[in-house]
Every structure is written in C-alpha cells, then in structure tokens.
Amino acid sequence: MSHFQYQNGVLHADSVALPAIAEQFGTPTYVYSKSALLENFSAYSDACRGRDALVCYAMKANSNLAILDLLARAGAGFDIVSGGELLRVIAAGGDPGKTIFSGVGKTVEEMQLALEKGILCFNVESIPELHRLNDVAGSMGKRAPVSLRVNPNVDAKTHPYIATGLKANKFGVAFDDALATYRTAASLPNLDVVGIDCHIGSQLLDDAPLLEALDKLIELIDTLALEGIHVHHLDIGGGLGVNYGAEGDKPPVPVGDYLGRLFARIDAWRAEKYEGKPVKVIFEPGRSIVADTGVLLTKIEYLKPGVEKNFAIVDAAMNDLMRPTLYQAWMGVQPVSPREGAKLTYDVVGPVCESGDWLARERELAVEPGDLLAIMTAGAYGMTMASNYNTRGRAAEVIVDGDRVHVIRQRENPADLFALESMLK
Ligand code: LLP
C-alpha cells in the first residue's frame, strides 16, 4: 500500500499532511516515508532469510546519509560507483566490508581508498582495469577481491539510456570474452577472483530477462569451475522496476516472486552440479528500494493559458527532477488538495530557461495558482540527479517517521552555490 494517501481530501505522507510540510519547509521539497523505505528493504531481506545473500543497495538512486543510515541499520550492504559514494557509506555508518564497487572508470585514487577501507569486492569491467587494480593493490602490499561484470547480451526491454546488458553498451566484459578475462584475472598476483556479476538494465517490469541473465552466469560459473577458477558469489545486479502509474503500465513483478524464482533456479543448479553446496548471492537494487518512498512537493506559481497548450508553472524544475526530460519518463502528478471544478489539460513545467524543462505533459488538472502538487514516485534518481542549473539551490529533503518530520538535507542557498568559486586577483 502506498504511504502517500488522501486523508480528508488532503494528500499525506503517512500521517503528516503535505501542506504542513510545505508551510514549514517551503517548496520544492523531497518528502520521503521511513516506513515505506524499511518495507521495501524488507521485501528483499525477507526473501533472503536463512540464505547466504547480501542486498547491496545501489545508492546512486538516493544517497542521502539518513537513507543510507536507515538501510545500513536494517542490514543492507551498498553498491557504489565512486570514491565519493564510499565516503558516504562510511559517513552514514555503513560497512565497507559489505560494499561492492561497480563502474567502468575507477581511478587509481578510488582503488586506493577502497582497498584501504577494505571493501567486499571490486566489480571489474575490463582488462585494463584488472591490470590497474593489480598494480595498485601490489603497491599497497594488499590483495584485491574481484568479480568480473559480465555482459550477458540480454535485451532488458527498457529505455535505451538505462539498458546496460547489450553488446552495444559500454558496460561489462562481453560474454564471449569472459573466460579469457577470468584467466587473466586469475593469473595476476595481487588479485583474488571471488565472484561474478552482471547488471542488465533498470526499470525492468518483468523478471524473464533477469532469469535469462542468471542462466548465462550459471553457464559461465560451470565453465570456470572446469578451469579451476571457483567463484564464491554470484551478483545478479539490480534493475527491478516500479509502477510509475502511467495509464496502461503493467505492474512490476513483486520482489518476493522474482527472488523466489531466482533462488529456486540456483538451488536446483547447485543440487545438480555441486552436491547442494550453496553459493552466496548478491543483489544491487536501487529504484525498487526507494522510488515509491518519495514525492517531490512543489507549488504552482502561475497558470498560463496558451494557444496550443496550457501551462502550470511550478517552483520545481528539470534541475530538481531530470527524469522526465532526460528519459521522457512519465511521473504521476497529484494535486495535494484536489478541488472541485472543471479540469483543463496542462503541461507542468518549471522556471528554467529551456523548452525541455517539463515535469509532466498533458495532465487533466483542476488547479489554481498557489496550489501544491506532488510529483509521485520520485524517491529514486530524483535528488541524486539534481543540479544547480540557473543558479537554483537544490531542494530540501525531509523524511516522515509516523507523525514526525525530520529534515535530512537543508535547502541550498544561492551563497552555498558560489562558495567554491573565486575571481581573478
Ligand atoms: N547496479 C549497477 C551496476 C547499476 O548500474 C545500477 C543502475 C544499479 C545496480 C541499480 O539499478 P536499479 O535497481 O535502480 O534499476 N537514472 C535512471 C536509472 C539509471 C540506472 C543506472 N544504473 C533513471 O532515472 O531511470
């Protein structure tokens, strides 16, 4: 059940009315629900109970320290893609020993930091990266735990910008090159081959491509075993989608169903080939943990009737929420206090000087200037992708815990934005 529901005609986050949040903290503001977050995480942890499994939350989806702290305390590990994200894990009290490092462009400094902090594994994406990691580990007198990100060439059937498992993508080692790449990894003195991983794309509503990718990884693990290369964990990546609520959208497969099918396959394979000896399983979910835990609360500044279109100009913009303009993503828009009266068709747009600055198109709304709107399902890839374009301070972030509201990021002031700049002497 959504944690954002109408009570007495007013949209609430759990038991807090959104207008009270707007009044106290201003707009635009990201509003999250703590109980929604913990419920989403539990869907994964419950399905993993009693197994050697680790849920490494992909923090690129939402990396606020408060969110990371809550997840760390619930038992999450983390999937990171930069040294900055590792420092966030540590700042939030997360465990580097439950952290995996993904990404195609790891720098020497990032590798040093990760080795120093003792991360669980590097998800390596190329042969040059293997050599660099081997050198860095050697120079520190350490051994680096590695997994190879294999590109299984599976069509994730999602938006081209967020499909990552096809041959044409920059990610991972091509399936046909994986064996040779593993041989290289195994031959390097300062690397320990510990795992295999993949990530085929994001916002997948069906688990068939994920299970197809699993089969490819299983095939490869068996081939590697014949060569004497034994991996201890299998990391299937993230990617499970959420329901953004567009008309005709099909609901995503429930987390428990997907994990049930995945574990059933893994168990059958281990029973057949490895006398039932289990393999550790790692997941890297991002969106399915945080997307429906948050909304972007915004206020209508002006209504502007047009010749071809009507515009509702709000105080949030593309710099606050990139997904609509970047992916033509459909995000739900709910009036916080719906009014009676005739609806008009509006494009919901921001104040940024770009025609691409829109949040929603062609929505039927009965609204007046000053009304609040909630952009729904905005907890993932919202704030983390925000920018300061047009010298706009980034939105505040608050989290609702029952009937209490905590500020987890203050609104940025213009002075914060140019604090790091300087003029010529
Ligand atoms: N693991 C790796 C290696 C990834 O690249 C990603 C996401 C994830 C895990 C988490 O995937 P998820 O469970 O969230 O689908 N900004 C885009 C999504 C980009 C996804 C990038 N990689 C959006 O707003 O739709």
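**Figure 1. Helices H2 and H3 are oblique to each other.** The model shown here and in the other views is predicted. Helix H2 covers residues 34–48 and helix H3 covers residues 65–73. The two pack at an angle of about 45 degrees, with their axes 10 Å apart. Angles under 35 degrees count as roughly parallel and 65 to 115 as roughly perpendicular, so an angle of about 45 degrees makes H2 and H3 oblique. H2 passes H3 in a crossing that is right-handed. From H2, the contact is made by Lys34, Leu37, Leu38 and Phe41, and from H3 by Ile67, Leu70 and Leu71. Six residues of this contact are nonpolar, none is polar and one is charged.

**Figure 2. Helix H4 packs with helix H5.** Two packed helices are described by the angle between their axes and the distance between the axes. For H4 (residues 83–91) and H5 (residues 108–117), the angle is about 25 degrees and the axes are 9 Å apart. That angle makes H4 roughly parallel to H5. The crossing of H4 past H5 is left-handed. On the H4 side, the residues that meet H5 are Gly83, Leu86, Leu87 and Ile90. On the H5 side, their partners are Glu110, Leu113, Ala114 and Lys117. Sorted by class, the residues of this contact are five nonpolar, one polar and two charged.

**Figure 3. Helices H8 and H9 cross at roughly 20 degrees.** H8 is made of residues 208–226, and H9 is made of residues 255–273. Their axes come within 11 Å. At this crossing angle of roughly 20 degrees, H8 and H9 are therefore roughly parallel to each other. The crossing is right-handed. H8 contributes Leu210, Leu211, Leu214, Asp215, Ile218, Ile221 and Asp222 to the contact. H9 contributes Tyr258, Arg261, Leu262, Arg265, Ile266, Trp269 and Lys273. By class, nine residues of this contact are nonpolar, none is polar and five are charged.

**Figure 4. The ligand is surrounded by 18 residues.** The closest of these are Ser202, Glu284, Arg323, Tyr327 and Tyr381. In arginine 323, an N or O atom of the side chain is 2.6 Å from an oxygen atom of the ligand. In glycine 286, a backbone N or O atom lies 2.9 Å from a ligand oxygen atom. In lysine 60, a polar side-chain atom lies 3.5 Å from an oxygen atom of the ligand.

**Figure 5. A cis peptide bond joins threonine 27 and proline 28.** The omega angle of this bond is about -5 degrees. Proline 28 is placed in the loop between helix H1 (18–25) and strand E4 (29–33).

**Figure 6. Glutamate 275 has a positive phi.** The phi angle of glutamate 275 is about 50 degrees, although this residue is not a glycine. Glutamate 275 lies in a loop that runs between helix H9 (255–273) and strand E13 (280–283).

Conventions
Residues numbered from 1 in each chain as written. Predicted model: local features only at pLDDT ≥ 70, side-chain atom pairs only at ≥ 80, totals over all residues. Heavy atoms only, no water. Axes fitted to C-alpha atoms, helices over the stretch in contact; angles between N-to-C directions. Helix = DSSP H or I, 4+ residues; strand = E, 2+ residues; numbered from the N terminus. Parallel < 35°, antiparallel > 145°, perpendicular 65-115°, else oblique. Left-handed = near helix turned anticlockwise from the far one by under 90°. Contact = heavy atoms within 4.5 Å. Nonpolar A, V, L, I, M, F, W, Y, C, P; charged D, E, K, R; others polar. Near = heavy atom within 4 Å. Polar contact = N/O pair within 3.5 Å; in protein donor to acceptor, adjacent residues only side chain to side chain.
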